Amino acid sequence: MILRYSNPKGLSGALAKRLSLAAFSIGALLATSPAGRAGNPFITSIYTADPSAHVWSDGRLYVYPSRDIDPPRGCDLMDRYHVFSTDDMVNWRDEGEILQANQVPWGRPQGGFMWAPDCAFKDGKYYFYFPHPSGANWNNTWKIGVATSTKPAQGFTNVSYIPGVGGSSMIDPAVFMDTDGQAYLYFGGGSKCAQAKLKPNMIDLDGEVQPVTGLADFHEATWVFKRNAVYYLTYADNFRRHNRMRYATSSTPLGPWTYKGVYLDPTDCDTTHGSVVEYKGQWYQFYHNCSISHRGNLRSMCVD
């Protein structure tokens with residue numbers, strides 16, 4: 001897998017320079033650990049994927065991934081969430097399990113199918129968003145669940161799901177909190193990507209769900225971040241069963257979005273899912289591979 005920065009026109013200034021200097025192969029990455037950062041994969045105690053990274057007010061960086069259960073039977077066994085954190089990008093702490101499928105009363109009776117999540121913070125409360133089916137016909141009954149806590153990595157309780165959001169393949173929620181305090185929801189799968197404003201309660205929609213247009217070959221794994229008044233939307237494509245990460249930019253959080261290109265080539269895994277975050281003056285790309293298991297349903301988190 002190669003980190004690709006051959007088309008940096010949407011990433012200007014110092015960030016573009018840093019990214020262009022940071023391209024390297026995963027083979028070299030696994031052989032050496034650059035100073036100031038743990039080696040990849042950085043979590044090896046359990047299998048984790050789809051990392052959503054956030055920096056909260058306590059100064060730590062938290063990662064909210066999905067979990068691949070070992071031994072695997074497929075994606076249906078994913079039924080619980082852990083959280084990991086660090087304050088130096090070298091030493092990672094397992095904060096423990098925060099939610100299981102059996103704690104979601106509106107969920108699929110058979111459990112399982114807890115895929116890529118995200119987390120947001122507002123007014124002293126953390127909001128954990130997760131996709132989960134509500135019926136036995138799992139692929140047509142997806143909803144976006146919400147659990148809340150006053151702490152970033154414990155005490156989460158299922159609250160509800162977001163009304164008016166979900167359906168066939170509509171997964172992978174990402175919630176972006178803008179600098180003015182307005183929250184936005186992005187989600188989607190199976191070539192459909194959607195976006196919407198959230199009300200101050202962080203659960204109800206503030207207006208209609210809108211389609212995200214302007215993307216090329218969208219598959220899943222939406223993520224949105226902001227830098228220097230530019231909004232970046234990253235996502236996974238459908239490339240030859242070994243997905244790549246692409247991105248688009250906009251001057252507003254709801255677009256219109258302008259497609260910019262591929263920035264992360266395939267890993268050794270058929271899927272890809274990532275997040276981008278700034279921590280202590282450095283920008284990081286989180287993603288997953290399967291370099292430990294060599295199996296696409298037993299994945300491990302990485303960061304560059």
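1. Buried here means under 20% relative accessible area, exposed over 50%, and partly exposed in between (1.4 Å probe, protein chains only). Both R246 and D237 are buried.

2. This is a predicted model, in which local features need pLDDT of at least 70 and side-chain atom pairs count only at pLDDT 80 or more, while totals for chains, interfaces and linings use all residues. Residues are numbered from 1 along each chain as its sequence is written, and side-chain values use heavy atoms, with hydrogens and water left out.

3. A salt bridge is a side-chain nitrogen of Lys or Arg within 4 Å of a carboxyl oxygen of Asp or Glu. The search of the whole structure returns eleven salt bridges.

4. One of them links D50 to R299, with 3.9 Å between the closest N and O atoms. D50 sits in strand 1 (residues 47–55) and R299 in the loop between strand 18 (282–289) and strand 19 (300–303), so the pair ties together parts 249 residues apart in sequence. Strands (E, at least two residues) are DSSP runs, numbered from the N terminus. D50 and R299 are both buried.

5. D178 and K226 form a salt bridge through their side chains, at 3.0 Å from N to O. D178 belongs to the loop between strand 9 (174–177) and strand 10 (183–189), and K226 to strand 13 (residues 220–227), so this pair ties together parts 48 residues apart in sequence. D178 is buried at 8% relative accessible area, whereas K226 is partly exposed at 27%.

6. R246 and D237 also form a salt bridge, their closest N and O atoms being 2.8 Å apart. Salt bridges with shared partners join D217, D237, R244 and R246 into one network.

Key: Helices (H or I, at least four residues) and strands (E, at least two) are DSSP runs, numbered from the N terminus.
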